[in-house]
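Here's a quick briefing to read with the model open beside you. Take it topic by topic and click through the residues as you go.

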Amino acid sequence: MTVALVGAGPGDPGLLTCRAEELLAGAEVVVHDRLVSPEVLALAERSARLIDVGKAPGRHSMDQDAITELLVDLGREHDRVVRLKGGDPFVFGRGGEEADALARAGVAVEIVPGVTSAFAAPAAAGIPVMTRAKAACVTVVTGHEQSGAGDSVDWRALARTGGTLVVLMGVGRLPFIVDSLLAGGLDPATPAVAITNGTRPDQVVVRATLATIAAQPVEAPATLVFGAVAS
Ligand SMILES: C[S@@+](CC[C@H](N)C(=O)[O-])C[C@H]1O[C@@H](n2cnc3c(N)ncnc32)[C@H](O)[C@@H]1O
């Protein structure tokens, strides 16, 4: 009666943790998101039942309450359930909500951190998010607010950190993000890089500046990096 909330990393199966691989190899059921790569899913026990609850932007295949309910039911029925999430389960992955719900339902939870795309995608493009010379801090922020929640991200304040800004889920709102950072005083010449499908064979890196990135063809899922380190 344990559900393991497991980080699948950014896509390259070589970036999976040993514990994640071990749990996948012994799983009875694997409940996974859309961004989990086929190479990682292929590591699951052959007889494991694979359930795709993935959400494509604008196409919700299963809502969050239904996913949580499914996990509680599976956790009560099986001993070895793996809830596999892209990157790290606690970085914008609803992992916290799922862990809370499972604990409230009396289902044991194991948390297995993963390599987050917030740092792995820039690294795959040769970008160190922090360096002594160029960035003393890094801020990771969502570019996509929950609908109806308003914009709780203070983009103008983020423009003034002097460090690196990493934006996840920001492709659909790239022009708004750029305008907000410019309005906050960030230099238009600030290096800006978009990494799509980071660490995967189809990785695409677009290098631009804050002033020009919104005019580039950037496809999701992408990690956006703004700051001196992106040069
Ligand atoms: C819902 S968030 C989940 C983040 C995940 N928990 C993590 O730690 O990487 C999904 C966003 O992560 C980013 N992302 C996930 N995989 C990526 C990859 N392979 N390359 C670039 N960005 C990626 C994109 O910004 C995408 O919209």
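Where is the place of threonine 209? Threonine 209 sits in strand E11; strands here are DSSP runs (E, at least two residues) and helices are DSSP runs too (H or I, at least four residues), numbered from the N terminus. Keep in mind that this is a predicted model, where local features need pLDDT of at least 70 and side-chain atom pairs count only at pLDDT 80 or more, while totals for chains, interfaces and linings use all residues. Residues are numbered from 1 along each chain as its sequence is written, and side-chain values use heavy atoms, with hydrogens and water left out.

- Threonine 209 counts as partly exposed because its relative accessibility is 24%; the scheme is buried under 20% relative accessible area, exposed over 50%, and partly exposed in between (1.4 Å probe, protein chains only).
- Going from threonine 209 to alanine 8 takes you 201 residues along the sequence and 31 Å through space, C-alpha to C-alpha.
- Serine 47 is in the loop between helix H2 (38–41) and strand E3 (49–52).
- With a relative accessible area of 61%, serine 47 is exposed.
- Serine 47 and valine 29 are 18 residues apart along the chain, and their C-alpha atoms are separated by 8.8 Å.

**The nonpolar core**

- The largest nonpolar core has 23 residues, and the members touching the most others are Trp155, Leu165, Val167, Leu181, Ile213 and Phe226.
- Two or more residues of this core come from each of helix H6 (155–158), strand E9 (164–168), helix H7 (174–183), strand E10 (191–196), strand E11 (204–209) and strand E12 (222–226).
- H7 gives the largest share of this core, with 4 residues.
- A core here means a set of buried Ala, Val, Leu, Ile, Met, Phe, Trp, Tyr and Cys residues joined through side-chain atoms within 4.5 Å.
- In soluble globular proteins, nonpolar side chains tend to be buried together.

**Salt bridges**

- The whole structure has 7 salt bridges, each being a side-chain nitrogen of Lys or Arg within 4 Å of a carboxyl oxygen of Asp or Glu.
- Arginine 19 pairs with glutamate 22 in a salt bridge, and their closest N and O atoms are 2.8 Å apart.
- Both arginine 19 and glutamate 22 belong to helix H1 (residues 18–25), 3 residues apart, or about one turn of the helix.
- Arginine 19 counts as partly exposed, at 33% relative accessibility.
- Arginine 83 and glutamate 98 also form a salt bridge, at 2.9 Å from N to O.
- Arginine 83 is in strand E6 (residues 80–85) and glutamate 98 is in helix H4 (residues 95–104), so this pair ties together parts that are 15 residues apart in sequence.
- Arginine 83 counts as buried, at 1% relative accessibility, and glutamate 98 counts as buried at 1%.
- A network of salt bridges links Asp33, Arg83, Lys85 and Glu98.

- Most residues other than glycine have a negative phi, and most peptide bonds are trans.
- Arginine 94 has a positive phi of about 60°, although it is not a glycine.
- You'll find arginine 94 in the loop between E6 and H4, and it is partly exposed with a relative accessible area of 29%.
- Arginine 94 forms a salt bridge with glutamate 97, with the closest N and O atoms 3.5 Å apart.
- Glutamate 97 counts as partly exposed, at 41% relative accessibility.
- Asparagine 197 is not a glycine either, and its phi is positive, near 55°.
- Asparagine 197 lies in the loop between E10 and E11 and is buried, with a relative accessible area of 17%.
- The peptide bond joining alanine 220 and proline 221 is cis, with omega about 0°.
- Proline 221 is in the loop between E11 and E12.
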